[in-house]
Amino acid sequence: MLNVSICIGSACHMKGSKEVIARLKKLIAENHLEDKVSLSGSFCTGNCQHAVCVTIGDTLYSLSPETTEDFFRNEIMTRVSA
């Protein structure tokens with residue numbers, strides 16, 4: 001199972017974490033990956049300057065609602081397809 005954590009702290013919330021979560025949930029459902037990808041929320045990761053902060057393992061990614069689909073395709077799909 002691929003665990004993806006999205007920060008829902010103040011800075012990330014203000015920059016669109018709710019929309020990032022909604023888009024990721026939709027993309028996971030559309031690609032039938034519910035049994036391969038787990039989404040979770042986390043409070044502030046201390047990387048507010050990179051908001052919206054998303055982590056897979058120890059790797060931090062900086063997303064916006066507009067970059068979520070590319071992140072899904074380039075990071076999530078490549079990992080679950082391998």
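How many disulfides does the count come to by this rule, which takes a disulfide as a pair of cysteine sulfur atoms within 2.5 Å? The count comes to 0. C12 is in no disulfide, and its nearest cysteine sulfur, that of C7, is 3.6 Å away. C12 is buried, at 2% relative accessibility. Buried means under 20% relative accessible area, exposed means over 50%, and partly exposed lies in between (1.4 Å probe, protein chains only).

This is a predicted model, in which local features need pLDDT of at least 70 and side-chain atom pairs count only at pLDDT 80 or more, while totals for chains, interfaces and linings use all residues. Residues are numbered from 1 along each chain as its sequence is written, and side-chain values use heavy atoms, with hydrogens and water left out.

**Sheet**

The sheet is open and holds 4 strands. Their order is β2-β1-β3-β4, with mixed pairing. At the edges are β2 (37-42) and β4 (59-62), each of which pairs on one side only. Averaged over the sheet, neighbouring strands are turned by 25° against each other, direction ignored. Two strands pair if DSSP finds at least two bridges between them. Strands are DSSP runs of E with at least two residues, helices are runs of H or I with at least four, and both are numbered from the N terminus.

Take the β3 and β4 pair. Strand β3 covers residues 53-56 and runs antiparallel to β4, with 4 bridges between them. V54 stands opposite Y61 of β4. C53 has S62 as its bridge partner in β4. The two strands form a hairpin with 2 residues between them. In that turn, G57 has a positive phi of about 65°. In a regular strand, side chains alternate between the two faces of the sheet.

**Helices on the sheet**

Helix α2 lies across β1 (2-7), β2 and β3. Its direction is at about 170° to β2. Helix α3 (residues 68-81) also packs on the sheet, where it touches β1, β2, β3 and β4. The direction of α3 makes about 15° with that of β3. Axes here are lines fitted to C-alpha atoms, for helices over the stretch in contact, and angles run from 0 to 180 degrees between N-to-C directions. Contact means heavy atoms within 4.5 Å.

**R23**

R23 sits in helix α2 (residues 17-30). Leaving out residues up to four places away in sequence, R23 touches P65, E66 and T68. R23 and P65 are 42 residues apart in sequence, yet their C-alpha atoms are 7.6 Å apart in space. R23 counts as partly exposed because its relative accessible area is 35%.

**Salt bridges**

A salt bridge here is a side-chain nitrogen of Lys or Arg within 4 Å of a carboxyl oxygen of Asp or Glu. Side chains of opposite charge can pair when their charged atoms come close. The count comes to 5 salt bridges. The table lists some of them, including the one formed by R23.

| Pair | Closest N and O atoms |
|---|---|
| R23 and E19 | 2.5 Å |
| R73 and E69 | 3.8 Å |
| D70 and R73 | 2.3 Å |

Where do R23 and E19 lie? Both are in helix α2, 4 residues apart, about one turn of the helix. E19 is partly exposed, at 38% relative accessibility.

In helix α3, R73 and E69 are 4 residues apart, so about one helical turn separates them. D70 and R73 also lie in α3, 3 residues apart, again about one turn of the helix. Shared partners join E69, D70 and R73 into one network of salt bridges.

How exposed are the members of this network? R73 is partly exposed, with a relative accessible area of 41%. E69 is partly exposed at 47%. D70 is partly exposed too, at 38%.

Notes: Disulfide = S-S within 2.5 Å.
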